[in-house]
Amino acid sequence: EMVAFSPDGDYLATCSRDRRVRVYDLVGRLIATLQGHLDDVISVIWSLDGQNILSVRHAYLAATELSF
């Protein structure tokens, strides 16, 4: 449903109605799949330092710390 580039431009995060956030490198390799939402994920954005992804479902905000 949505794509957001990391602040350094090296990664992109996607969210979808399958309740997952995925992180890819620019070649298209899947780096991480983040699960845990109980509903469709409708929005995703990176923190300014690129260490966290904020994801939103209809009425819930989740922050995930990244390490890859």
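**Questions around a buried histidine**

Biologist: H37 is buried, with a relative accessible area of 11% (buried means under 20%, exposed over 50%, partly exposed in between, with a 1.4 Å probe and protein chains only). Where is H37 found?

Modeller: Quick background: this is a predicted model, where local features need pLDDT of at least 70, side-chain atom pairs count only at pLDDT 80 or more, and totals for chains, interfaces and linings use all residues. Residues are numbered from 1 along each chain as its sequence is written, and side-chain values use heavy atoms, leaving out hydrogens and water. Strands are DSSP runs of E with at least two residues, helices are runs of H or I with at least four, and both are numbered from the N terminus. With that settled, H37 is found in the loop between strand 4 and strand 5.

Biologist: Which side chain does the side chain of H37 make a polar contact with?

Modeller: A polar contact is a pair of N or O atoms within 3.5 Å; within protein, one must be able to donate a hydrogen and the other to accept it, and residues adjacent in sequence count only if both atoms are side-chain atoms. Here the two side chains come to 2.7 Å. The partner of H37 is S55.

Biologist: Is S55 buried or exposed, then?

Modeller: S55 is found in strand 6, residues 52-57. Its relative accessible area is 4%, so S55 counts as buried.

Biologist: In what order do the four strands of the open sheet stand?

Modeller: Strands pair if DSSP finds at least two bridges between them. The four strands of the open sheet stand in the order 1-2-3-4.

Biologist: Why is one side of strand 1 and of strand 4 left without a neighbour in the sheet?

Modeller: Look at where they sit: strand 1 (2-5) and strand 4 stand at the edges. One side of each is left without a neighbour because each has a single partner strand.

Biologist: How many residues are in the largest nonpolar core?

Modeller: A nonpolar core is a set of buried Ala, Val, Leu, Ile, Met, Phe, Trp, Tyr and Cys residues joined through side-chain atoms within 4.5 Å. Its members here include C15, V41 and W46. The count for this core is 11.

Biologist: Last one: which residue's side chain does R17 make a polar contact with?

Modeller: R17 lies in the loop between strand 2 and strand 3 and is partly exposed at 47% relative accessibility. Beyond its neighbours within four places in sequence, R17 is in contact (heavy atoms within 4.5 Å) with E1, D40 and V41. The side-chain polar contact is 3.1 Å, and the partner of R17 is D40.
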